[in-house]
Amino acid sequence: YKLSVSPEMDIMEYCRKEWRGNTPAAKRMRKGYEAVAQKFASIRRIRGDNYCAFRATLFQALSQATQLPRWLQSEDFTMLPENLLSKYDWIKQWQLRQKPGKRMGEISDEIKEYLILLRKKWKNISEIKGPLEKQEACDKVFKNEEEEYSLYEALKFLMLNTAIELYNADKSGRRVPVFSWLLFARDTSPNPRQLMHNHLNHIGHSGGLEQVEMFLLAYALQYTIQVYRLYKYSTDEFITLYPNDPEEDWPVVTLITEDDRHYNIPVRMCQETML
C-alpha cells in the first residue's frame, strides 16, 4: 500500500533534506523553494508514477472545490463516450487500464462509469464546508487505488474529447489556442486518432504528460494550472501558466516541479498572501 499524496511537510525543511549539496543545481533549487515558501508554508509529495500530473492537478482542484464546474453539470456529460463512439469508430482502440477480458465493445459503459464517479466525487467534496473535513474527504479519494485510477481514466477521456473539439474547430476555420497547433504539429499526433494511439493510451503506463498535454488537461478541466518550475528559477519560465492566456473565470491550481516530469503540490497559503 502506497500513499498517493503524502502528509504535509514544511517546505524549507523538505528542500534542505532533498538539496544538500553546493552544486549550481542545488543552489538554484533552494532559491526556487525559497520563492515558493513566500507564498506557501507546506508541501505534499505526490506518488511518483506516470499519473503524477493528473494526481497533483485533481487533488488540488478537489481540495479547493466549492461548486461543481459547469461542464460537469451538463445533461449530456455522461453520454460523452456513447456520442463520441458513434462518430469515431477508432475510439474502440482506447486502452482501458489493464482490464483482462474486457472487450472493446464495452468501453463506452466503462468510461461512462468513470465519468459518473468523477462527477459524484467532485459534487460530494464541493459540498463540504469545513476545510478539515474537505481535506479528509480528499485524502480518502486518493487512498482508494481503484477509484483513483478510474478518475484518471475519466480525465484522459475528457482530454481526448477536448482534442477532438479543438481539431474540428481548427479545421472549420475557427480560432483555436496556439497550443492546439503545437499539439497537432507533432509527427506523433497530427490528429486526435494518433494523439490517442501514441500519447493518451500510454499516459500512466509508459509515460507521463508532456508540456503541451498539460495545456490540454487545463482546457479539459477549464482550470488554470500554475506551475513553479524550480529548475527554471530566475528565468521568465519559473512560474508557467497552462494555458498562458487563461479565461478570467477559470479557477487556479498550483503545482511544483523540479524537472517537468514529476509534480508535487504546495499547500497552506501564507497569511499575508491570502490578504
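## Reading a predicted model, feature by feature

Q: How exposed is histidine 262, and what is its relative accessible area?

A: Histidine 262 has a relative accessible area of 23% and is therefore partly exposed, since that class lies between buried, under 20%, and exposed, over 50%. The model is predicted, and histidine 262 is placed by it in the loop between β5 (252-257) and β6 (263-269). Leaving aside residues up to four places away in sequence, histidine 262 touches Ile46, Arg47, Gly48, Cys52, Ile256 and Thr257.

Q: Which residues does UniProt list for "active site", and where do they gather?

A: The unreviewed UniProt entry lists Asp49, Cys52 and His262 under "active site". Although these residues span 214 residues in sequence, no two of their C-alpha atoms are more than 8.3 Å apart, so they gather at one spot. Aspartate 49 belongs to the loop between β2 (40-44) and α3 (52-63), and is partly exposed, with a relative accessible area of 23%. Its contacts, not counting residues up to four places away in sequence, are Arg55 and Tyr149, and a polar atom of the aspartate 49 side chain lies 2.9 Å from the backbone nitrogen of tyrosine 51.

Q: How should I read the packing of two helices, and which angle do α6 and α7 make?

A: Two packed helices are described by the angle between their axes together with the distance between those axes. Helix α6 (residues 107-126) packs on helix α7 (residues 131-141) at an angle of about 160 degrees, with the axes 9 Å apart, which makes α6 roughly antiparallel to α7. Lys121, Ile125 and Ser126 of α6 make this contact with Lys134, Ala137, Cys138 and Val141 of α7.

Q: At what angle do α6 and α8 pack?

A: Here the angle is about 105 degrees and the axes are 8 Å apart, helix α8 covering residues 145-171, so α6 is roughly perpendicular to α8. The residues of α6 that meet α8 include Ile111, Tyr114 and Leu118, and among those they meet in α8 are Ser150, Leu151 and Phe157.

Q: What is to be noted about the backbone at proline 243, and at serine 234?

A: Most residues other than glycine have a negative phi, and most peptide bonds are trans. The peptide bond from tyrosine 242 to proline 243, however, is cis, with omega near -10 degrees, and proline 243 lies in the loop between β4 and β5. Serine 234 is not a glycine, yet has a positive phi of about 70 degrees; this residue sits in the loop between β3 and β4 and is exposed, with a relative accessible area of 63%.

Q: Where is asparagine 201 found, and which backbone atoms does its side chain meet?

A: Asparagine 201 is in the loop between α10 (192-198) and α11 (211-221), and counts as buried at 6% relative accessibility. Its side chain reaches the backbone oxygen of glutamine 93 at 3.2 Å, and a polar atom of that side chain lies 2.8 Å from the backbone nitrogen of glutamine 95.

Conventions:
Residues are numbered from 1 along each chain as its sequence is written. This is a predicted model: local features need pLDDT of at least 70, side-chain atom pairs count only at pLDDT 80 or more; totals for chains, interfaces and linings use all residues. Side-chain values use heavy atoms; hydrogens and water are left out. UniProt positions are given in the numbering used here, feature names are shortened, and annotations may be inferred rather than shown by experiment. Helices (H or I, at least four residues) and strands (E, at least two) are DSSP runs, numbered from the N terminus. Buried means under 20% relative accessible area, exposed over 50%, partly exposed in between (1.4 Å probe, protein chains only). Contact means heavy atoms within 4.5 Å. A polar contact is a pair of N or O atoms within 3.5 Å; within protein, one must be able to donate a hydrogen and the other to accept it, and residues adjacent in sequence count only if both atoms are side-chain atoms. Axes are lines fitted to C-alpha atoms, for helices over the stretch in contact, and angles run from 0 to 180 degrees between N-to-C directions. Angles under 35 degrees count as roughly parallel, over 145 as roughly antiparallel, 65 to 115 as roughly perpendicular and the rest as oblique.
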